[in-house]
Amino acid sequence: MYLVTIALLVIIVDQMTKHFVAGHFYVGESIPVISGFFHWTYILNSGAAFGMFEGRRCLFIIITAATISVMWFFRRDIRAGDKTLQMGAALFVGGAIGNLIDRMISGLVIDFFDFKIWPVFNVADIAICVGIGLIIWSIIKTELADSRNV
């Protein structure tokens, strides 16, 4: 149950921050927090990570739905896995749903964290990246442990 709670928290924080930015900034506005390093920059992204495959809304919705379906299919394996795998899956699903909500409503994902040396991103993107990292780390740990037991 705590995995669902984590995913829901990611979705809530993601959507709240996006609604804050959309309500207080105009598209393209950039406010320096640490000048030249970190800004709040409101952009609308019709693509995937880093703006790739721009304008492919239906494709992203299908891929996200399929990915969440696969995670649902493997839910028992995820629950049986270690805490790292479980946390990674919860973060990943929460982030995927956060961005899916934007795509379903407007076809555009709201991004606002701008470190100037990296494409602008949002809370859902952070959750997806950290989630994937934790899933990979869990798989590596499991494989290393299994190889030592052989």
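User: Where is asparagine 122 found?
Analyst: In this predicted model, asparagine 122 sits in the loop that links β3 to α5 (123–148).

User: Buried or exposed?
Analyst: Buried. Its relative accessibility is 0%, and buried means under 20%, so asparagine 122 qualifies.

User: What does its side chain make a polar contact with?
Analyst: The side chain of aspartate 111, at 2.7 Å. The asparagine 122 side chain also reaches the backbone nitrogen of alanine 124, at 2.9 Å.

User: Which residues does asparagine 122 touch, leaving out those up to four places away in sequence?
Analyst: Asp14, Lys18, Asn99, Val109, Ile110, Asp111, Phe112 and Phe113.

User: What stands opposite aspartate 111?
Analyst: Isoleucine 43 does, with aspartate 111 being in β3. Strand β2 (residues 38–45) pairs with β3 over 5 bridges, in the antiparallel sense.

User: What's the strand order in the sheet?
Analyst: β1-β2-β3, in an open sheet of 3 strands with antiparallel pairing. β1 (30–34) and β3 (109–114) each have a single partner strand, so one side of each has no neighbour in the sheet. From one strand to the next, the twist averages 25 degrees.

User: Which helix lies across β2 and β3?
Analyst: Helix α1 (residues 2–24), which runs at about 85 degrees to β3.

User: Switching to α4. How many residues has it?
Analyst: Helix α4 (residues 83–105) has 23 residues. From first C-alpha to last it reaches 33 Å, close to the 33 Å expected at 1.5 Å a residue.

User: How many of them are buried?
Analyst: 17 of the 23, so α4 is mostly covered.

User: And what comes just after α4?
Analyst: Glycine 107, with a positive phi of about 85 degrees.

Conventions: Residues numbered from 1 in each chain as written. Predicted model: local features only at pLDDT ≥ 70, side-chain atom pairs only at ≥ 80, totals over all residues. Heavy atoms only, no water. Helix = DSSP H or I, 4+ residues; strand = E, 2+ residues; numbered from the N terminus. Expected span 1.5 Å × (residues − 1). Buried < 20%, exposed > 50% of the residue type's maximum accessible area, 1.4 Å probe, protein only. Pairing = 2+ DSSP bridges. Axes fitted to C-alpha atoms, helices over the stretch in contact; angles between N-to-C directions. Contact = heavy atoms within 4.5 Å. Polar contact = N/O pair within 3.5 Å; in protein donor to acceptor, adjacent residues only side chain to side chain.
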